[in-house]
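Please look over the model below before reading my comments. They are meant for someone new to reading structures.

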Amino acid sequence: MAQTVGRNIAAPLLFLNLLMYTIALGFACWCTNKYIDGQTSHPSFGGNGATGFFLTFAILACVVGIASKFAGGTHIRVWRSDSLAAAGSASLVAWAITALAAGFACKEINVGGYRGKYGPGYRDTDYGVGAGARAGEPVHKGGAAPVAGTRV
């Protein structure tokens, strides 16, 4: 009973993790293509000195993660201790590379750079204009006076 419960829970989680690594790999490859083409000033993609390292390790983490999911699938199929050792070591390496890529992602955010209109330091200067608010003080967008013909 305990063996089948572990297998039944592990298989869908393994497939979900494989799907997430595949989506992340596609996104990282798309970003690498934009980075190589020099399109880092696009509003949906910002770049700085850490971007190349981050993308390299993100792709590496995704590829190793996908390979570790195949090892995990083999372990679920045969369910032996030797396959557990192979799947466990592959997943540990994939986790370590993913953590390294996450560190580069934090560094890229910390360094900053061009992020488009809504990036770090963005301030909406039109917000609250005409509502009688003092400078820098947020107000409701509805305005100060009620609109005629509405129920309050």
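1. Residues are numbered from 1 along each chain as its sequence is written, and side-chain values use heavy atoms, with hydrogens and water left out.

2. The mean pLDDT (the predictor's confidence in each residue, from 0 to 100) is 81 for the protein, and 67% of its residues reach 70 or more. Where pLDDT is low, the predicted coordinates should not be read in detail.

3. Helices here are DSSP runs (H or I, at least four residues), numbered from the N terminus. The 28 residues of α2 should span 40 Å at 1.5 Å a residue, and its end C-alpha atoms are 41 Å apart, which agrees. The expected span is 1.5 Å times one less than the number of residues. Just after α2, Trp-79 takes a positive phi of about 55°.

4. Is Ala-87 buried or exposed? Ala-87, in helix α3 (residues 81-111), is buried (under 20% relative accessible area), at 9%. Leaving out residues up to four places away in sequence, Ala-87 touches Ala-71, Gly-72 and His-75; contact means heavy atoms within 4.5 Å. The C-alpha atoms of Ala-87 and Ser-68 are separated by 6.2 Å, though the two residues are 19 apart along the chain.

5. Ile-9 lies in helix α1 (residues 2-36).

Notes: Predicted model: local features only at pLDDT ≥ 70, side-chain atom pairs only at ≥ 80, totals over all residues. Helix = DSSP H or I, 4+ residues; strand = E, 2+ residues; numbered from the N terminus. Buried < 20%, exposed > 50% of the residue type's maximum accessible area, 1.4 Å probe, protein only.
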